[in-house]
Protein chains: 2
Amino acid sequence: MAHEEHKDIVQEVKSTMPDTDTLFELADFFKVFGDSTRIRIMCALFERELSVCCIADIVGMEQSTVSHQLRVLRQENLVKVRRDGKQSYYSLEDEHIQKIFEMGLEHILE
Amino acid sequence: MAHEEHKDIVQEVKSTMPDTDTLFELADFFKVFGDSTRIRIMCALFERELSVCCIADIVGMEQSTVSHQLRVLRQENLVKVRRDGKQSYYSLEDEHIQKIFEMGLEHILE
DNA sequence: TGAATATATGAACAATTGTTCATATTTACA
DNA sequence: TGTAAATATGAACAATTGTTCATATATTCA
């Protein structure tokens, strides 16, 4: 390839991209969607807030697995908790999540 | 928790969820977005089609790393290739991808 | 045909991740 | 206060993933 043109293209494209830190953060954000247990947890929460043991039953996994994954979801601000007596009720943080979810679904159902 | 109510909730929520296979596929789809190298490749491709070596320069990684990741992107139908002489030019498969990307960006910039 | 360039691929390795088991913490209530 | 139930957390392990090096394949052009 013509050497100068190559360099120009690289520079031009680079200049349009968000900075690297932002893109690393973005990857971390999407990483959360990239696990089937977490996806199923989020999907269950579209319907209503749920306690940990309900979620565990719905997705068919150990309570401790679900707890661990809920922590991941909390750390990325995808869910929030509300304590009520012995139980913790989880719900979705905002509606972005459902939109992203639906777009992914559209893509794979094509 | 009241045992019957718990069971009812589990059944009710389960009935609203897409089937498990679909959710596994969805997780696999998002998995692709969950790596910074791939995110940066996709981001570069928003601007224009690019050869492998241009992409390698833009993201600052080995040619072989980029080739491997492009294969992952191809397998999930996120990019397509066009061969022109010695070079392979990659471009995005559709605009869903950019929309999903932008929604993720919105979320993390909040 | 042979050399040079661009890309693709296989094997190996390190790093990360998801799950489970065991146990700690929190809360309600007898 | 002690027990039971719900949840959270730490350690360990297996599995998966991303990168690199070395090399194979494909293409152009002398």
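A:Asn77 sits in the loop of chain A that runs between helix H5 (63-75) and strand E2 (79-84). This is a predicted model. The phi of A:Asn77 is near 60 degrees, a positive value in a residue other than glycine. A:Asn77 has 15 other C-beta atoms within 10 Å, so A:Asn77 is partly exposed. Chain B has its own entry here. B:Asn77 lies in the loop between helix H5 (63-75) and strand E2 (79-84) of chain B. The phi of B:Asn77 is also positive, about 60 degrees, although B:Asn77 is not a glycine. B:Asn77 counts as partly exposed because 15 C-beta neighbours lie inside 10 Å.

Turn now to the DNA. DNA strand D is surrounded by 26 residues. The closest are A:Ser51, A:Cys53, A:Ser64, A:Gln87 and B:Ser64. At least two residues each come from helix H4 (52-59), H5 and strand E3 (87-92) of chain A, and from H5 of chain B. H5(A) makes the largest contribution to this surface, six residues. By class, the surface near DNA strand D holds 13 polar, seven charged and six nonpolar residues.

DNA strand C comes next. Around DNA strand C there are 26 residues, the closest being A:Ser64, B:Ser51, B:Cys53, B:Ser64 and B:Gln87. The most comes from H5(B), with six residues. The surface near DNA strand C divides into 13 polar, seven charged and six nonpolar residues.

One helix pair spans the two chains. Two packed helices are described by the angle between their axes and the distance between the axes. The axes of H3(A) and helix H2 (residues 20-33) of chain B come within 8 Å. They cross at roughly 115 degrees. The crossing of H3(A) and H2(B) is right-handed. H3(A) brings A:Ser36, A:Ile39, A:Arg40 and A:Cys43 to the contact. H2(B) brings B:Leu23, B:Phe24, B:Leu26 and B:Ala27. Six residues of this contact are nonpolar, one is polar and one is charged.

Now look inside. The largest nonpolar core has 55 residues. Those with the most contacts inside this core are A:Ile41, A:Ala44, A:Ile55, B:Ile41, B:Ala44 and B:Ile55. Take B:Ile41. Setting aside neighbours within four places in sequence, B:Ile41 is in contact with B:Ile55, B:Val59, B:Val66, B:Gln69, B:Leu70 and B:Leu73.

Which residues of H4(A) are buried? They are A:Cys54, A:Ile55, A:Asp57, A:Ile58 and A:Val59. Just after H4(A), A:Gly60 takes a positive phi of about 70 degrees.

Terms used
Residues numbered from 1 in each chain as written. Chains lettered and ligands numbered in written order. Predicted model: local features only at pLDDT ≥ 70, side-chain atom pairs only at ≥ 80, totals over all residues. Helix = DSSP H or I, 4+ residues; strand = E, 2+ residues; numbered from the N terminus. Buried ≥ 20, exposed ≤ 12 C-beta atoms within 10 Å, placed from the backbone. Near = placed C-beta within 6 Å. Nonpolar A, V, L, I, M, F, W, Y, C, P; charged D, E, K, R; others polar. Axes fitted to C-alpha atoms, helices over the stretch in contact; angles between N-to-C directions. Left-handed = near helix turned anticlockwise from the far one by under 90°. Contact = placed C-beta atoms within 7 Å. Core = buried A, V, L, I, M, F, W, Y, C linked by C-beta atoms within 7 Å.
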